[in-house]
Amino acid sequence: MISLTHSLQISSFPIKSPISNTNCAAHRSGGRVFLRRTNGNKCRYKGKCFAAEQPQPQPEVSQQKSKRPRKKTPEIDKKDAVDPVGFLTKHEINNKAFNHFLRERYKALKDLKEELSNRHYEVQDLASGYEILGMHRNVQHRVDFMDWAPGARYCALVGDFNRWSPTENSAREGNLGHDDYGYWFIILEDKLREGEEPDQVYFQQYNYVDEYDKGDSGVTVEEIFKKANDEYWEPGEDRFTKSPYELASKLYEQIFGPNGPQTEEEMEEILDPQTRYNEWREKHKDDPPSNLPPCDVIIDDGTEHEEFDVVTDPAWKAKFKAKKAPIAYWLETRKGRKAWLEKYLPGIPHGSKYRVYFNTPMGPLERVPAWATYVIPEADGNQSFAVHWEPTPEITHKWRHKHPPKPKSLRIYECHVGISGMDSRVATFNEFTDNVLAHVKKAGYNAIQLFGIVEHKDYFTAGYRVTNFFAVSSRFGTPEDFKRLVDEAHGLGLLVFLDIVHSYAAPDEMVGLSSFDGSNDCYFHSGKRGQHKFWGTRMFKYEDHEVLHFLLSNLNWWITEYQVDGFYFHSLPSMMYTHNGFATFTGDVEEYCNQYVDKDALLYLIFANEMLHFLHPNIITIAEDDFANQLLKVDWDLITTLISLRQSCGCRSLRMFRNMSGA
């Protein structure tokens, strides 16, 4: 087990370095650059090493001064400098194939970041898919649903709210319902109650949970708009807002007179702009001060202009820029939850059962949405379904405690909620919160590691065959119950780590991601590579940008929604090798950089680790090496600190069900 803290960064050794005054000569051998003093003394030089950028052929540096002037190279910080010759050998990496593998991997990481940056403006956008995908309450009295199914031809929502009709709530045709990337968008409008009139403002917004009591004061929209006009605008500033055609009519009258021409033939020759402006300036030179913007035109600078430069008074310009947009008045037009419930019936009420319906080349399919946050897998032998979770403000959990500070040394208690009770039944989140947390704290631990939290269909797998990556297991309670568990743990000073399984997924089709849109390669590889050789689970297609979007958003979701403090990445060899880590390792380092290494999976792990520490600097990430191979000992030591949870951290392991899971 190791802690992922920083990603590997190897940079290129600058050949053009300030060594002209050190009596050093440089030569190449085996892809390296060697420095030597010509007077026999040792040459001490440190430079920054980039393995991804292949050094271009350079002429040898001789003692003779070149006639061409040299550019002064900036000083390199000795603290961050790396010896370019001994960088790899210092870490006992002297295998040529593995050295080349590291360089190629770093170059591929840079290419991946560049590709993702072309589509996503920043990292936050890449890791925040949960904000728009799945089911979300929109402030404009509706619910929006979005999911990714590139292989589907038709998409609709079915559930008890529409009598499981595949035609009542479907995606629109065209770009508003289906884009080129395979995303489907469905709007569920709230229904007006009998006798109620539609909102006067087309884009009327409501507060549902956050600040739900605001907007129920009875003040009308007209009164708020009048208040904005009276308070926001200074006298005269709203003149053209109230009379939008005044400016056009005045301009027409100035050019053509009060009884101007009605046809093109009646028009006289129009003077050039400079002459007209001079006439207007002379005519209005004695006008009294006005609240209109004090503008002037630069025309007397001795040059010809096709477009004249308009200048304003600096004081007025600064005042104009300092004026804030009237957003506060617009937010004041939002009505509260009480007003919404009096006027509308929810299009999909809280607790409604639903699935997504696809028409695919394989025929019609019903699936549990991939971004569902609460799922009931095969309840009472029936087909699985998602539950729309939109609790009222009274039962929504309010966070009371902040994240505990990161301890100098971790003592982690690994536990499973379902087997934490004394009775022969599945324990719940509330029972774990009330009965176990205090015991863990009293025993001297400062962190808990929970496995089996993410929704899974088969309980015997102890939660390692995940079916729904954004949902807590409904066997243990509701999302609000799990939030209470995390909150109470933080109140006791305990960090909460989540055992996350991104190395594979459950093969279930009715409730999981397998054949989600009718195709075999939506989230996973097709053919044999898409199946785990021994467990039958599905293997993610890490090179696909939509899959990366899904997995990275999943990590950020658990931190943002449930305030977890870190992740324990389960069974990494299953994803790092195409043989899923079950090959015989002889100890030869080339076994960890050959054709059986899944480079895309490694890039995902590095990028995910960088993303997590960028968005959440205090996050703790841990990698699990089930097979204790030498790759993690050699390779990951460059980017992580080795942590032994069982020996160094005093971890109490509850793995009695892990062998049963086959994972």
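Which residues in helix 13 are buried? They are Pro479, Glu480, Asp481, Phe482, Lys483, Leu485, Val486, Asp487, Ala489 and His490. Buried means under 20% relative accessible area, exposed over 50%, and partly exposed in between (1.4 Å probe, protein chains only).

## The model

This is a predicted model, in which local features need pLDDT of at least 70 and side-chain atom pairs count only at pLDDT 80 or more, while totals for chains, interfaces and linings use all residues. Residues are numbered from 1 along each chain as its sequence is written, and side-chain values use heavy atoms, with hydrogens and water left out.

The chain has 18 helices and 23 strands. Both are DSSP runs, numbered from the N terminus: helices are H or I with at least four residues, strands are E with at least two. Of the 663 residues in the chain, 45% are buried. Contact means heavy atoms within 4.5 Å. Take the contacts between residues at least 6 apart in sequence: 75% of them join residues at least 24 apart.

## Helix 13

Helix 13 covers residues 479-491, 13 residues in total. From first C-alpha to last, helix 13 reaches 18 Å, close to the 18 Å expected at 1.5 Å a residue. The expected span is 1.5 Å times one less than the number of residues. Helix 13 is mostly covered, with ten of its 13 residues buried.

What do those buried residues pack against? Their partners are helix 11 (429-435), helix 12 (437-442), strand 17 (447-450), strand 19 (466-472), strand 20 (495-500) and helix 14 (545-562). After helix 13 comes glycine 493, with a positive phi near 85 degrees.

## Two partners of helix 14

Helix 13 and helix 14 pack at about 75 degrees, with their axes 10 Å apart. Helix 13 is therefore roughly perpendicular to helix 14. Axes are lines fitted to C-alpha atoms, for helices over the stretch in contact, and angles run from 0 to 180 degrees between N-to-C directions. Angles under 35 degrees count as roughly parallel, over 145 as roughly antiparallel, 65 to 115 as roughly perpendicular and the rest as oblique. Pro479, Phe482, Lys483 and Val486 in helix 13 meet Trp558, Glu561 and Tyr562 in helix 14. By class, this contact has five nonpolar, no polar and two charged residues. Ala, Val, Leu, Ile, Met, Phe, Trp, Tyr, Cys and Pro count as nonpolar, Asp, Glu, Lys and Arg as charged, and the others, Gly among them, as polar.

Helix 2 (residues 96-119) also packs with helix 14, at about 85 degrees and with axes 12 Å apart. These two helices are therefore roughly perpendicular to each other. Leu112, Glu115, Leu116 and Arg119 in helix 2 meet His545, Glu546 and Leu548 in helix 14. That contact has three nonpolar, one polar and three charged residues.

## Arginine 137

Arginine 137 sits in strand 4 (residues 134-138). Its relative accessible area is 19%, so arginine 137 is buried. The side chain of arginine 137 makes a polar contact with the side chain of aspartate 190 at 2.7 Å. A polar contact is a pair of N or O atoms within 3.5 Å; within protein, one must be able to donate a hydrogen and the other to accept it, and residues adjacent in sequence count only if both atoms are side-chain atoms.

## Two positive phi values

Histidine 141 lies in the loop between strand 4 and strand 5 (142-148). Its phi is near 40 degrees. Histidine 141 is buried, at 13% relative accessible area.

Asparagine 580 has a phi near 60 degrees. Asparagine 580 is buried too, at 3% relative accessibility.
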